[in-house]
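Subject: Structure handover

Hello,

Here is the structure I said I would pass on. My notes follow it.

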Amino acid sequence: VQLQASGGGLVQAGGSLRLSCAASGRTVSSDYVGWFRQAPGKEREFVAGIRWGSGSVYYSDSVKGRFTISRDNAKSTVYLQTNSLTPEDTAVYYCAVSSRTSYRATDFASWGQGTQVTVSS
């Protein structure tokens with residue numbers, strides 16, 4: 001499966017962005033799509049995840065209540081709605097696919113190219 005992330009940009013603190021992750025190739029209902037982010041000098045961290053089939057969602061504590069992950073199976077696209085953004089949310093955001101529910105980047109085999117989110121104070 002190939003992934004294409006988009007939707008990043010520059011936004012002021014308190015603003016919102018909707019990130020998209022379009023999948024092409026073979027996807028199955030058991031797949032799990034995760035969003036990660038990586039800020040300069042920091043490790044890649046899990047942000048949110050969703051199962052294609054059931055729609056079950058998972059969030060890191062740092063974004064719970066502010067970010068919402070969803071999917072459109074007909075479009076093979078997963079969205080990450082980011083609200084109430086702060087400068088600490090500035091990072092490159094990646095989407096990735098795994099065969100199992102996980103918070104660890106090493107469990108994800110396919111990665112998109114990343115989209116930059118910059119939040120100004």
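**Contacts around R66**

Leaving aside neighbours within four places in sequence, R66 is in contact (heavy atoms within 4.5 Å) with Q81, T82, N83, S84, L85, T86 and D89.

This is a predicted model, where local features need pLDDT of at least 70, side-chain atom pairs count only at pLDDT 80 or more, and totals for chains, interfaces and linings use all residues. Residues are numbered from 1 along each chain as its sequence is written, and side-chain values use heavy atoms, with hydrogens and water left out.

R66 is in the loop between β6 (57-59) and β7 (67-72); strands are DSSP runs (E, at least two residues), numbered from the N terminus.

**Salt bridges**

A salt bridge here is a side-chain nitrogen of Lys or Arg within 4 Å of a carboxyl oxygen of Asp or Glu. The count comes to six. One of them pairs R37 with D89, the closest N and O atoms being 2.8 Å apart. This pair links distant parts of the chain: R37 is in strand β4 (residues 32-38) and D89 in the loop between β8 (77-82) and β9, 52 residues apart. R37 is buried at 6% relative accessibility, and D89 is buried at 2%.

D107 forms salt bridges with R100 (2.9 Å, N to O) and with R104 (3.1 Å, N to O). Elsewhere, salt bridges that share partners join R37, E45, R66 and D89 into one network.

Regards

Key: Helix = DSSP H or I, 4+ residues; strand = E, 2+ residues; numbered from the N terminus. Buried < 20%, exposed > 50% of the residue type's maximum accessible area, 1.4 Å probe, protein only.
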